[in-house]
Amino acid sequence: MSRDLDTLLKEKRIFKPSKILTDETNIKKWMETQDVHDYDELLERASENPEWFWNDLARELEWFKPYRKTFEWNPPHAKWFLEGKFNIIHNALDRHIKGPNREKIAYLWEGESGEVRSLTYIELYKEVNKFANVLRGFGVEKGDTVSIYLPMILELPIAMLACAKIGAIHSVVFSGFWAKAFKDRINDSGSKIAITADGFTRRGKIINLKENVDKIMDKTPSIEKLIVINHADLPVEMHSPTDVWWHEIMENSDTECKTEEMDSEDPLFILYTSGTTGKPKGVVHVHAGYAVGVYTTMKFVFDIQEEDVWWCAADIGWITGHSYIVYAPLLIGATSLIYEGTPDFPDPGRIWGMVEKYGVSVFYTAPTTVRMFMKFGEKWPEKYDLSSLRLLGSVGEPINPEAWIWYYNTIGKGKCPIMDTWWQTETGMHLITPLPISKLKPGSAVKPFPTVIADVVDDDGKSVVGGGGHLVIKSTWPSMFRTLYKDPDRYVEAYWSTFKNIYLSGDVARKDEDGYFWIQGREDDVLNVAGHRISTAEVESALVSHPGVAEAAVVGKPDEIKGEEICAFIVLKENYKLEENLKEALINHVRMEIGPIATPACVNWVSDLPKTRSGKIMRRVIKAKVKGYPVGDISTLANPEVVDEIDKLID
Ligand code: WT7
């Protein structure tokens, strides 16, 4: 693939943002008030004095009670805005109601079928209050968890915001996962309340969510109420007394509701993400630090101004949507677009038509989407007027220079800087990213956000310049995850133990002579398929749960559009009859166990997997073969003949 290290090393182009643009940016204006003269000085001063930077921004939000100390960093544990009383919803909604944003549109929503809805700040505030009252009526209290499994409809942010308002912790499960993921997450978090919808359409095809949820409800003993939204008018079976209709319980609910005063460090949400083992990690974020972090990046990276129309084309079920669809746009008082459907449905002009229709000015998507549209050709964006765009963003995986240039020229018409933002579920906000005043190099995420100290280190933890190494973070940041839900040991072990008290991102990166970061991808057994994190262990355990499978190894295979594809190597059980459609059956089995995003692109039969003499699978051997790298030292391999077998399969 073109984002190989070699190509990146050759990438020398530099793009300078225009002076008119930079002079009017939020960051430039802020720097003037602080007597900071340029980007380098900003980064230097901020890393020397993080309190200065964050205090000034935290002051732009409202506190029920001021905090006493900006942060306390006892690695690997951080606390921010200590002793402050705060609620993210007071800042995302309540304060706008008293000011000029009251009648401003908060969310513009378009369904896959073309249906349009919108909510002003006051309307959203009322909906959130109504649902918050419903939750309180069902006995939900501060600190309780609520599990949410919804498509991209307005009720999803409403439900999340209502939880936060009363101090409940939301746990959202991506609707593209199968309901089994919902069950596991409900049981891990012990929620009393679950929220879902009848269903939705994807590329015109009906997905019956409620029917799937019904299959797992008898295995979720903590659930007392299942709230169901009628979105697609599908026939559903309601089970009494658990199931209730959203529209019925909302009907007479009060539009006023008191916002709970939270401690800065009280949990806001759990979001599960894939790690190197099969068990997903429940990443925990808190009210105040998270709010300050996402607000600040929205202001300085995406430079959101009064009249902007913001579109983060991600799913709310992932961290990108939590931070940059639900919370940050509201914290800054923006108008943002939410789209329910697939970007190329019913044709590849869909999203460009929406940019024109709504006058989108700042647009954020993943490289996989850019590469997909590159393939469809320029004729699609050329049909529409994209002149409203002034800034573009990229997230989720490395963007190869070729796709960067296409995005810059064909979509941005050579006038929109691209913010290639590197971050993770755990980081909550962008950590390595350009600002609109930075010089850009296509394919590089540029430099750490002010105050963040990032580095690339070798196995001994020593900084490396020029070559590849582990991407680590050596500072704390406000929207840092605080722990893994019910698993504090794993928090320390997975992230802070390889290099003691230094955050291990799990990515490989390179830092060039100008201090620019070039992210190359995951170094652990986590795949990045179309910008989504999937662990090989999760797919493998789904595969071996099929009666015919004895052993399975999954590796990522480079793919031009998705970045990586899932490629499985299977050893069948002895005497298992190789049915004709077994490959399809296995692929389907994984879809049913995890969800469509984990669909293996290829399944290969092998007689054995490469193993050490002690019986450990040497996945790196398969990985090297699939990626076309040298296999390296295989002297400890017990069965070298399978390497030839894999070789033949790959040719
Ligand atoms: C992983 C985190 C953060 C929102 C989306 C994914 C990869 C993310 C970039 C980027 C290169 C990137 C990394 C990271 N990643 N942004 N701009 N350039 N790689 O969140 O599911 O927690 O995945 O996504 O590999 O570790 P996530």
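**Figure 1. Overall dimensions of the predicted model.** The radius of gyration of the protein, taken over C-alpha atoms, is 24 Å, which agrees with the value near 26 Å that a compact globule of 651 residues would have. That globule rule is 2.2 Å times the number of residues to the power 0.38. Along the principal axes, the C-alpha trace spans about 70 × 65 × 55 Å. The protein holds 22 helices and 30 strands; helices (H or I, at least four residues) and strands (E, at least two) are DSSP runs, numbered from the N terminus. Residues are numbered from 1 along each chain as its sequence is written, and side-chain values use heavy atoms, without hydrogens and water. Because the model is predicted, local features need pLDDT of at least 70 and side-chain atom pairs count only at pLDDT 80 or more, while totals for chains, interfaces and linings use all residues.

Figure 2. Of the 651 residues, 62% are buried; buried means under 20% relative accessible area, exposed over 50%, and partly exposed in between, with a 1.4 Å probe and protein chains only. Among contacts (heavy atoms within 4.5 Å) with a separation of 6 or more, 70% join residues 24 or more positions apart.

**Figure 3. The hairpin of β1 and β2.** Strand β1 covers residues 69–74 and strand β2 covers residues 77–82, and the two pair in the antiparallel sense over 5 bridges. Two strands are said to pair if DSSP finds at least two bridges between them. Glutamate 72 has lysine 79, in β2, as its bridge partner. Between the two strands of the hairpin lie 2 residues.

**Figure 4. The loop between β11 and β12.** This loop, between β11 (225–229) and β12 (243–245), holds proline 241. The peptide bond from serine 240 to proline 241 is cis, with omega near 0°. Aspartate 233 is in the loop between β11 and β12 as well, and its phi is near 55°, a positive value in a residue other than glycine. Aspartate 233 counts as exposed because its relative accessibility is 63%.

**Figure 5. The loop between β17 and α14.** Proline 346 is placed between β17 (335–339) and α14 (350–358). The bond that leads from phenylalanine 345 to proline 346 is a cis peptide bond, with omega near 0°.

**Figure 6. Valine 446 in the loop between β20 and β21.** The loop runs between β20 (418–420) and β21 (454–457). Phi of valine 446 is near 65°, a positive value. With 0% relative accessibility, valine 446 counts as buried.
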